[in-house]
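Subject: Structure handover

Hello,

Here is the structure I promised to pass on. Please open it next to this message and read the two together.

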Amino acid sequence: EEIGNTVYPPIAKILDRLDIDYKNKKARQITKSDCREYDYIIVMDDNNLRNLFYLHSDIDKSKVSKLLDYTENPMDVDDPWYTRDFERTFEEIKQGCLGFLKMLKQKGIIEYDENLLDKISDKI
């Protein structure tokens with residue numbers, strides 16, 4: 001239902017505040033090619049998970065996870081469409097992304113300076 005839509009205005013405000021460019025971003029549906037090409041397919045909640053498996057029943061399920069699975073509190077990311085709390089959702093996404101980066105580092109897939117990551121995290 002969101003395919004082709006740009007960033008939702010309350011999220012745009014947060015991204016503007018953080019000086020994150022989103023101007024050329026539009027929602028699109030995940031493709032079979034995406035499912036084959038990418039090593040990680042990350043969804044926000046159980047609803048996304050069900051839809052993904054419905055659309056791509058042959059996907060390698062070992063590639064699929066929920067974003068907050070990479071945190072100490074695995075759960076669904078709160079959908080701000082329903083909660084209207086865009087800041088809380090942003091914070092959950094930030095924590096999930098930081099957890100994902102830490103997992104990639106632990107697996108030796110990426111390298112980064114832990115202090116730099118802490119500084120970046122504090123700024124956003």
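Below is what was found in it, from the whole protein down to single residues.

Please keep in mind that this is a predicted model.

**The whole protein**

The protein has 124 residues, and 30% of them count as buried. Its C-alpha atoms fill a box of roughly 40 × 35 × 30 Å along the principal axes. The secondary structure consists of six helices and two strands. Along the sequence, these follow the pattern α-α-β-α-β-α-α-α.

Take the contacts between residues at least 6 apart in sequence. Of these, 45% join residues at least 24 apart.

The accessible surface is about 9000 Å². Carbon and sulfur atoms account for 52% of that surface. As for charges, there are 20 positive and 26 negative ones. Their mean positions lie 3 Å apart.

**The largest nonpolar core**

Which residues make up the largest nonpolar core? There are seven: Cys35, Ile41, Val43, Leu49, Leu52, Ile59 and Val64. Strand 1 (41-43) and helix 3 (46-55) each supply at least two residues of this core. In soluble globular proteins, nonpolar side chains tend to be buried together.

Leaving out neighbours within four places in sequence, Ile41 is in contact with Ile30, Asp34, Cys35, Leu52, Ile59, Lys63, Val64 and Ser65. Cys35, Leu52, Ile59 and Val64 from that list belong to the core as well.

**Asp34, a buried acidic residue**

Asp34 is found in helix 2. Is Asp34 buried or exposed? Its relative accessible area is 8%, under the 20% cut-off, so Asp34 counts as buried. Beyond residues up to four places away in sequence, Asp34 touches Arg28, Gln29 and Ile41. For a sense of distance, take Asp34 and Gly108, which are 74 residues apart along the chain. Their C-alpha atoms are separated by 23 Å.

**Helix 1 and its two faces**

Helix 1 covers residues 9-17, and Ala12, Ile14 and Leu15 are buried in it. Seen down the helix axis, these buried residues fall within an arc of 160°, so they line one face of helix 1. The face turned away from the buried side carries exposed residues: Pro9, Lys13 and Arg17. What covers the buried residues of helix 1? The cover includes helix 5 (86-106).

Two residues deserve a look in the loop between helix 1 and helix 2 (32-37): Asp19 and Tyr22.

Tyr22 is buried, with a relative accessible area of 12%. Which residues does Tyr22 touch, not counting those up to four places away in sequence? They are Val7, Ala12, Leu15 and Asp16. Ala12 and Leu15 are also buried residues of helix 1. Tyr22 and Ile11 are eleven residues apart in sequence, and their C-alpha atoms are 10.0 Å apart in space.

Arg84 lies in the loop between helix 4 (80-83) and helix 5. Arg84 has a positive phi, near 65°, and is a residue other than glycine. Its relative accessibility is 46%, and Arg84 counts as partly exposed.

Lys61 lies in the loop between helix 3 and strand 2 (64-66). Lys61 is partly exposed, with a relative accessible area of 47%. Lys61 and Asp46 are 15 residues apart in sequence. From C-alpha to C-alpha, they are 14 Å apart in space.

**Where to look**

Then turn to helix 1 and view it down its axis, to see the buried residues lining one face.

Best wishes

How values were computed:
Residues are numbered from 1 along each chain as its sequence is written. This is a predicted model: local features need pLDDT of at least 70, side-chain atom pairs count only at pLDDT 80 or more; totals for chains, interfaces and linings use all residues. Side-chain values use heavy atoms; hydrogens and water are left out. A nonpolar core is a set of buried Ala, Val, Leu, Ile, Met, Phe, Trp, Tyr and Cys residues joined through side-chain atoms within 4.5 Å. Buried means under 20% relative accessible area, exposed over 50%, partly exposed in between (1.4 Å probe, protein chains only). Helices (H or I, at least four residues) and strands (E, at least two) are DSSP runs, numbered from the N terminus. Contact means heavy atoms within 4.5 Å. The arc is that of the directions from the helix axis to the C-beta atoms. Accessible areas come from the Shrake-Rupley method with a 1.4 Å probe; for residues, only the protein chains shown count as cover. Lys and Arg count as positive and Asp and Glu as negative; His and the chain ends are not counted. The place of a charge is taken as NZ of Lys, CZ of Arg, CG of Asp or CD of Glu.
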